[in-house]
Amino acid sequence: MSEPVSDQEEAHFKRSMQTRHLVMLSLGGVIGTGLFLSSGYTVQQAGPIGAVLAYLVGGIVAWLVMMCLGELAVHMPNSGAFSAHASRYIGPGTGYMVAWMYWLTWTVALGSEFTAAAVFMGRWFPDIPGWYWSGMFAAIVFGVNAFTSRFFAESEFWLSLIKVIAVVVFVLVGAVAIIGWVPLHDAAGAEVASPGLSALWGEGAMPPNLMAIGTALLAVMFAFSGTELIGIAAGETVDPARNVPKAIRATLWRLILFFVGTIVVIAALLPQDQAGLSQSPFVAVFQRLGVPGAADIMNFVIITALLSAANSGLYASSRMLWTLADQGTLPKSLGRLNKRGIPMNALLLSMVGGLGALFSSVYAPETVYLVLVSISGLAVVVVWMAIALSQFNFRRHYLREGGQLKDLVYRTPFYPWVPIIAFAACLAACIGIAFDPHQRVALYFGVPFIGLCYLVHYVRHRSASQRSEPLPNAVEENTV
C-alpha cells in the first residue's frame, strides 16, 4: 500500500542510486572533520569511558531516528524526504521550517568546508592564496552535482571510501598496537611499551561530574548528523523498498563501530593531556606508531572528507529548495528539473548561499557567520525530532485510514516507543544546550529563526488563501 511519488518526480528524477551509494552517502555525511579533528577533544573533556558512553548513546539515538525515517522513506520515497513527511503528518508550517533549517545547515557547511580545505592545502602550497583553492573546490563540487545524480553518487562513493579506509586502518593498526604487536614511540622517538587498555579505566577515565558527559553527548549527536541523507536520496534510488532498509542497517552498525573503535584507540594510545584540538588525534597516534608521513597522509584524508561533506551538502540543500518550490512556498522555477533530472536553479541558489556563508566566515565571523553556525548547529536535532514525530503520526494515520501493518514493506519496530524515545532524547539534547555556555548561543538565534519560519509560512499561506477566495460580487453574479 505504498503511496506513489508525485508526477513531477516520477517523470524527471532519475532513480539511479544503489545500496552502496546510499551507504557511502550516509557514511560520507557523518565521517568528517568532527571525527578526524575533534574526537580527541571529546576524550579530553569526558574522559575515555565517558567519551565511549557518549558515542554509544549518540549512536543509539541516531539508530532510533533512522528506523523512523526508514518507514517513511520506503513508504514515500520522495526527494523532499523529512520536509515532505513533516508537511503531511505534522503540518505545512513544520515542513516549511524543517526545509529551511536543513537547507541552512548544509549551506553554512559549504562555506566552512571550502574555507577549511583551502587552509589544509596551504600546508603543501603556502604561496598560493586560499581563495584560489576555495574557488576551485567550489567549481568541482558544483560540476559533480550538476552532471547527473548517478555521477554525484559515484563521486561521493569514492570520496567516502577514502575516509572509511582511513578509519578502518586506524582502528585495526591501533588494535594491533594496543595488543603490543606494534611498538610505540615517545616524543623523542624512543620505543615504549604499549599501555594496553589500562588508560580506559585509569585515573581520569570518567569526568568529575556527569555534566561533562552530557555536554559531550550534545556534540556527539551533532557528529552523527548526516545519516538522514539516506531519506533525501531515497527519491532517486533504484527500488527504494529494498535498498533503503539495507542501507540503513548497513550504515548504522558501521558508524557505531567506527566511532567507538576510534575513541577506544585514541583513549588507549594517546595520553589524555595530548588529546585536544592542537592537532588531529589521528596524526598524533600515527606518529606514535612511527608511520612515515602521517601528517601528510591525514592532510589528504581530511581534504577528501571536506570535499565529500561539501558534495553531500550541496546535494541535500538543493533538494530542500526543490521541495519548497514543489510545495508552492518558493517560486516554481526552483522546482524545475532539467533533462538530466537535476534541479539546476535550486543547485545554483544553494551554491550562492554557500559562497555567501564563505564570505561571511571571512568578513563577519563574530556577527553574521556566528548566527548562521548557531542556527545550523540546532537544526539537525530539530530535524531528527520532526522525523520521529512524523513517523509517530504517520503510523496512526495509516492505520486509521484502514492500512494493514503487513502491507508496510519496512516497519519501525517497537512502535510507538521508538519514535517517542527518539523525540524525547532529541528534546533533552535541545534543553541541555541551555546548560552549556559554549553551545547556548544556538538557542539565542535558532529558536527565533524557527519562529520566523512559522510566521513567514503563516503570512504567505494566509495571503494565498485570501487571493484565492472569490470576490462577493463575483459570487452574486454566478448565482444569478
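Six residues, Trp124, Phe125, Ile128, Trp131, Tyr132 and Phe300, make up a nonpolar patch on the surface, and their accessible area together is about 640 Å². One of them, Tyr132, belongs to helix α6, which covers residues 130-147. Tyr132 is partly exposed, at a relative accessible area of 41%. The structure described here is a predicted model.

**The chain as a whole**

The chain has 480 residues, and 54% of them are buried. It contains 17 helices and 2 strands. Its accessible surface is about 20,500 Å², with 67% of that belonging to carbon and sulfur atoms. Of the contacts between residues at least 6 apart in sequence, 81% join residues at least 24 apart.

**Nonpolar cores**

The largest nonpolar core holds 142 residues, and the ones with the most contacts inside it are Phe82 and Trp384. Leaving out residues up to four places away in sequence, Trp384 touches Val61, Ala62, Val65, Met221, Phe224, Ser225, Thr227, Glu228 and Cys426. Another core lies apart from this one; it has 6 residues, including Met76, Tyr89, Phe394 and Leu408.

Leu408 sits in the loop between α14 (368-400) and α15 (417-433). With a relative accessible area of 5%, Leu408 is buried. Beyond its neighbours within four places in sequence, Leu408 is in contact with Glu71, His75, Phe394, Arg395 and Tyr398. Leu408 and Glu71 are 337 residues apart in sequence, yet their C-alpha atoms are 7.8 Å apart in space.

The whole structure has 5 salt bridges. Three of them are set out below.

| Salt bridge | N to O distance |
|---|---|
| Arg20 and Glu154 | 2.5 Å |
| Arg150 and Glu154 | 3.4 Å |

Arg20, Arg150 and Glu154 are linked in a network of salt bridges. Arg150 and Glu154 are separated by about one helical turn, because they are 4 residues apart in helix α7.

Arg288 is in helix α11, which spans residues 281-288. At a relative accessibility of 17%, Arg288 counts as buried, because the term applies under 20%. A polar atom of the Arg288 side chain lies 2.5 Å from the backbone oxygen of Leu269.

Ser360 is in helix α13, residues 344-363. Ser360 also counts as buried, with 9% relative accessibility. A polar atom of its side chain lies 2.8 Å from the backbone oxygen of Ala357. Not counting residues up to four places away in sequence, Ser360 touches Pro365, Val368, Tyr369 and Leu372.

**Backbone features between α14 and α15**

Most residues other than glycine have a negative phi, and most peptide bonds are trans. The loop that holds Leu408 also holds Phe414 and Pro416. Phe414 is not a glycine, but its phi is positive, at about 55 degrees. Tyr415 and Pro416 are joined by a cis peptide bond, with omega of about 5 degrees.

Is Phe414 buried or exposed? Phe414 is exposed, with a relative accessible area of 64%. Leu408, in the loop between α14 and α15, is by contrast buried.

Key
Residues numbered from 1 in each chain as written. Predicted model: local features only at pLDDT ≥ 70, side-chain atom pairs only at ≥ 80, totals over all residues. Heavy atoms only, no water. Patch = residues over 30% accessible without salt bridge, like charges linked within 9 Å, V, L, I, M, F, W, Y side chains within 5 Å. Areas by Shrake-Rupley, 256 points an atom, 1.4 Å probe, with all protein chains shown as cover. Salt bridge = Lys/Arg side-chain N within 4 Å of Asp/Glu carboxyl O. Buried < 20%, exposed > 50% of the residue type's maximum accessible area, 1.4 Å probe, protein only. Polar contact = N/O pair within 3.5 Å; in protein donor to acceptor, adjacent residues only side chain to side chain. Core = buried A, V, L, I, M, F, W, Y, C linked by side-chain atoms within 4.5 Å. Contact = heavy atoms within 4.5 Å.
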